[in-house]
Amino acid sequence: MAGIVGAVIVAAAGVMFTAWFNEHGSDAIDRIGGAPAVKVPHVEVHYSSQDLALRETVTDPRDRAVLLGSTDLRHGALLERHHAALVGQMDVTVVLEGNRSSLRVADIKPRVLTRRPVSDGAYLIAVTAGETDTIEIAADLDRPDPYFTTGDKRRTSYFLTKQIDLKQDERVTLSLSITGRKAYYEFDLVATVVTEGRAEQMVIRAPGGAPFRLTGPAADYRSFYIASPNGGWMQASRDVVCAEFPKAKRC
């Protein structure tokens, strides 16, 4: 008798689960499991051919050896320790992927975490070398409340009139241009995602989980380096420095 009752309970539970699943679908299981409504399979900060500024000078002999080295894998850690930031503008590519049967990205905003005076420790001069829909938008961190705009509507938030609709596994690429000239900024991106009438926020950071960093230009720097043809950097000559910064003290 107990076995029969147990079988009936299991069968009833199976029927109830099937009815619940048919009504709510896999989205409900994803929510219960804590899966985000949107995945971020790719974030890339475009450093090539863009100058960097460090908040501190590189004085430690070991750090200087890394900085001047040709292909040392510790370059990234060194730049992180010295809070390296792109100067004036940064370009970021973000790929979003839908993780629900239907969802809407209602807003994405830069969120400033740190604001300090511009970096003037060291200037690293770059050497300039001659699958999805892409949305190009821009933001200015110098605004009191920065938001993304399009090139022809700089005073209106892009997401005020447009949203991004995604289905399961559907992707969209965002090409973000972010400027900041008045300060040193550490920031992330906060996306507001709406699915099944519920809004949730997700945070997008630079690769590795660190905040994005951007600094305005300084009038002068305590040291100057230029990208070496063999990799790494080398001390910049006076002629190179004065060509970039004619008002520098050494010029």
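Author: The largest pocket is lined by 24 residues, and Val 45, Tyr 47, Leu 52, Leu 79 and Ala 84 lie nearest its centre. A pocket here, found on a 1 Å grid over the protein atoms alone with a 1.4 Å probe, is an open set of points with protein on both sides within 12 Å along at least five of seven lines, and lining residues have an atom within 4 Å of a point. The space in this pocket is about 480 Å³, a volume being what is filled by probe spheres set on points joined across faces, edges and corners.

Please keep in mind that this is a predicted model, where local features need pLDDT of at least 70, side-chain atom pairs count only at pLDDT 80 or more, and totals for chains, interfaces and linings use all residues. Residues are numbered from 1 along each chain as its sequence is written, and side-chain values use heavy atoms, without hydrogens and water.

Helix 3 (75-81), strand 3 (85-87) and strand 12 (212-215) each give two or more residues to the lining of the largest pocket. Helices (H or I, at least four residues) and strands (E, at least two) are DSSP runs, numbered from the N terminus. Helix 3 has the largest share, three residues. By class, 18 lining residues are nonpolar, four polar and two charged; Ala, Val, Leu, Ile, Met, Phe, Trp, Tyr, Cys and Pro count as nonpolar, Asp, Glu, Lys and Arg as charged, and the others, Gly among them, as polar.

An open sheet with mixed pairing is formed by four strands in the order 1-4-9-7, where pairing takes at least two DSSP bridges between two strands. Strand 1 (38-45) and strand 7 stand at the edges with a single partner strand each, so one side of each has no neighbour in the sheet. Strand 1 pairs with strand 4 (residues 89-98) in the antiparallel sense over six bridges, and Lys 39 has Glu 97 in strand 4 as its bridge partner.

Strand 7 (134-140) also leads us to Thr 149, which sits in the loop between that strand and helix 4 (158-161). Thr 149 is buried, at a relative accessible area of 4% (buried means under 20%, with a 1.4 Å probe and protein chains only). Contacts of Thr 149, leaving out residues up to four places away in sequence, are Ile 137, Ala 138, Arg 154, Thr 156, Ser 157 and Tyr 158, a contact being heavy atoms within 4.5 Å.

Methods: Buried < 20%, exposed > 50% of the residue type's maximum accessible area, 1.4 Å probe, protein only.
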